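Okay, thanks everyone, let me put this one up on the screen. I'll start with a helix and then move on to some aromatic rings.

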Amino acid sequence: MRAGSSDLRRAGVVDLVALGLALDERQAMLPSERRARDRELAPQLEGCEGAPRLRRWLALAASPALELRIGSIARAFAGLRAGFSVVGFVLGWSAASALLAIRGAEGRISLAACLAVLVGVPFFGWLASVALGLASLIGPRAAGAREGARLSPLLYRLVLRLLPAAVRLDSEAVLGRARAHAALYARVQRAQLMSWLTQAGLFFGAGALAATLVFVVFTDLAFGWSTTLDVAPERVHRFVAAVSTPWARLWPEAAPSLELVAATRHFRVTGSGSAGAAAAGGVPPLVYGGWWPFLVMAIGCYAVLPRLVSLPLIGVWLGRECDRAMRLTPGVLELFESLATPQVESRAEGEEGPVGRALAGMVPEIDLRAWLARSDPAGARRPFAVVWAEAIEESALRAALGVELRFGQAGGRRTLGEDEGLVRAVAEWGAEGRAKAGATLVLVRGHEPPVLDLLDFLAALRRAAGAERAICTVLAGGSPRDLATWRHRLVSLADPMLSVARLELPHG
């Protein structure tokens with residue numbers, strides 16, 4: 001990977017996997033090596049932000065060994081996409097071939113079966129996938145979206161089993177974090193699955209269309225329709241006229257006439273005195289083949305065209321979700337902090353402290369004052385401080401931070417209803433301007449262990465505030481051991497935008 005080749009293109013799942021592996025590689029370096037590497041790369045990353053900056057950093061920072069692994073992953077995912085296309089084409093070809101080879105009464109091909117399998121199933125399957133996709137975008141808490149959120153990770157992990165063993169291990173090492181950060185990766189999985197399935201559906205329609213055209217050219221097709229119900233040909237004609245509306249003016253022969261509908265109805269019982277024989281009397285054999293233009297256009301218009309149009313749109317959706325996941329991937333905050341922090345050489349003999357490091361199994365610790373300054377560099381909004389169970393006095397917190405704050409109280413002697421009201425207030429405060437503007441703090445007693453009520457409150461706060469709002473749990477007092485306890489315990493919330501800071505309080 002080289003800088004410039006990946007800056008402007010849309011992000012994909014391969015970029016997300018590569019970023020996770022690169023961050024793991026970076027974390028394995030010695031602190032001095034990381035500082036030197038960041039100092040070298042920072043000037044080359046100026047002028048771009050967010051996911052493009054991450055892709056450029058990835059192109060510059062990946063080691064030769066990691067580039068080989070990323071190349072293998074890219075080829076495996078490309079092969080997986082091609083596999084979905086091949087399987088879809090083969091299934092479409094096989095389904096059309098089987099339906100067109102089966103002869104029913106008087107050697108007629110069932111038009112109803114062809115329309116149901118080759119047109120109806122693909123079209124309504126596409127409508128269902130579009131509905132689920134829109135539900136996940138517009139109303140994440142809708143029932144369909146919740147079912148999709150539960151099903152997508154399972155299906156995605158099943159698909160990953162098709163990858164080679166080495167590639168699967170690398171992919172699961174990163175995307176397997178979806179179990180711990182479902183809100184972060186599940187949307188990527190859902191978009192990627194829809195992209196794969198749309199690709200397979202597109203080639204299913206293409207295979208069915210190709211097989212139908214081959215049968216039209218090289219065989220003698222005779223279509224017919226029948227039903228046990230008392231359905232007049234006029235009603236069937238109205239249905240096929242409605243179906244053929246998109247192309248009726250462009251290709252009139254592909255819009256069946258009432259005469260064709262009436263002439264091609266067939267009955268199982270035949271004989272000299274049967275209604276079927278009377279109805280079919282005098283009909284030229286070529287008339288029964290007059291349905292093929294309608295069938296070809298129906299497959300093209302309802303099985304191929306919708307997916308041909310929606311596949312690029314799904315690609316845009318997938319790219320946006322991958323961009324979002326890359327920005328929120330654990331370790332990215334620490335990387336951006338390191339790249340943006342002026343590098344100052346030090347002769348101290350000890351190792352650097354853990355501030356800013358997102359160690360495995362721990363919520364990252366941040367420098368609270370620097371974090372507050374970055375959250376609102378213009379100073380236009382006061383941070384929102386939620387004090388849990390009277391952990392600290394407002395005056396003491398203002399004095400310790402030296403900034404104006406907006407306060408709210410939760411936990412302790414307050415009811416669940418009051419806590420829920422405060423959660424709504426914090427969410428509305430964040431929605432007043434930009435969704436990610438401002439800083440949200442939750443103050444707790446550092447020397448006390450995390451309780452379930454607090455964890456439930458933080459989870460509710462995340463749901464209300466949105467996935468991209470940065471929230472910091474601030475320990476009022478406590479020891480470094482207490483800080484480590486909190487960092488380990490808060491991992492259970494699976495919140496990539498949650499951080500921890502310790503606020504030193506004056507004694508007495």
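So, on one side of helix α9 you've got Arg235 and Arg238, and both are exposed, where exposed means over 50% relative accessible area, buried means under 20%, and partly exposed is in between, with a 1.4 Å probe and protein chains only. Before I go on: this is a predicted model, so local features need pLDDT of at least 70 and side-chain atom pairs count only at pLDDT 80 or more, while totals for chains, interfaces and linings use all residues. Residues are numbered from 1 along each chain as its sequence is written, and side-chain values use heavy atoms, leaving out hydrogens and water.

Back to α9, which runs over residues 233-243. Which of its residues are buried? Those are Pro233, Val236, Val240 and Val243. Look down the axis of α9 and these buried residues fall within an arc of 80°, so they line one face of the helix; the arc is taken from the directions from the helix axis to the C-beta atoms. And what covers them? The cover includes α10 (258-263) and α12 (292-328), going by contacts, meaning heavy atoms within 4.5 Å.

Now, the rings. The structure holds 12 aromatic pairs. Rings of Phe, Tyr and Trp (its six-membered ring) pair if their centres lie within 6.5 Å; planes under 30 degrees apart are stacked, over 60 edge-to-face, and the rest tilted. Take Phe123 and Tyr302: the ring centres are 5.3 Å apart and the planes sit at 85°, so that's an edge-to-face pair. Phe123 is in helix α5 (residues 111-138) and Tyr302 in helix α12, so to speak distant parts of the chain, 179 residues apart. Both Phe123 and Tyr302 are buried.

Another one is Trp251 with Trp292, with centres 5.9 Å apart and planes at 70°, so edge-to-face again. Trp251 lies in the loop between α9 and α10 and Trp292 in helix α12, so this pair ties together parts 41 residues apart in sequence. Trp251 is partly exposed, at 27% relative accessibility, and Trp292 is partly exposed too, at 30%.

Ring pairs also link up a cluster: Phe123, Phe124, Trp126, Trp247, Trp291, Phe294 and Tyr302.

Last, the whole chain. We have 18 helices and 7 strands, as DSSP runs numbered from the N terminus, with helices being H or I of at least four residues and strands E of at least two. Of the 508 residues, 47% count as buried.
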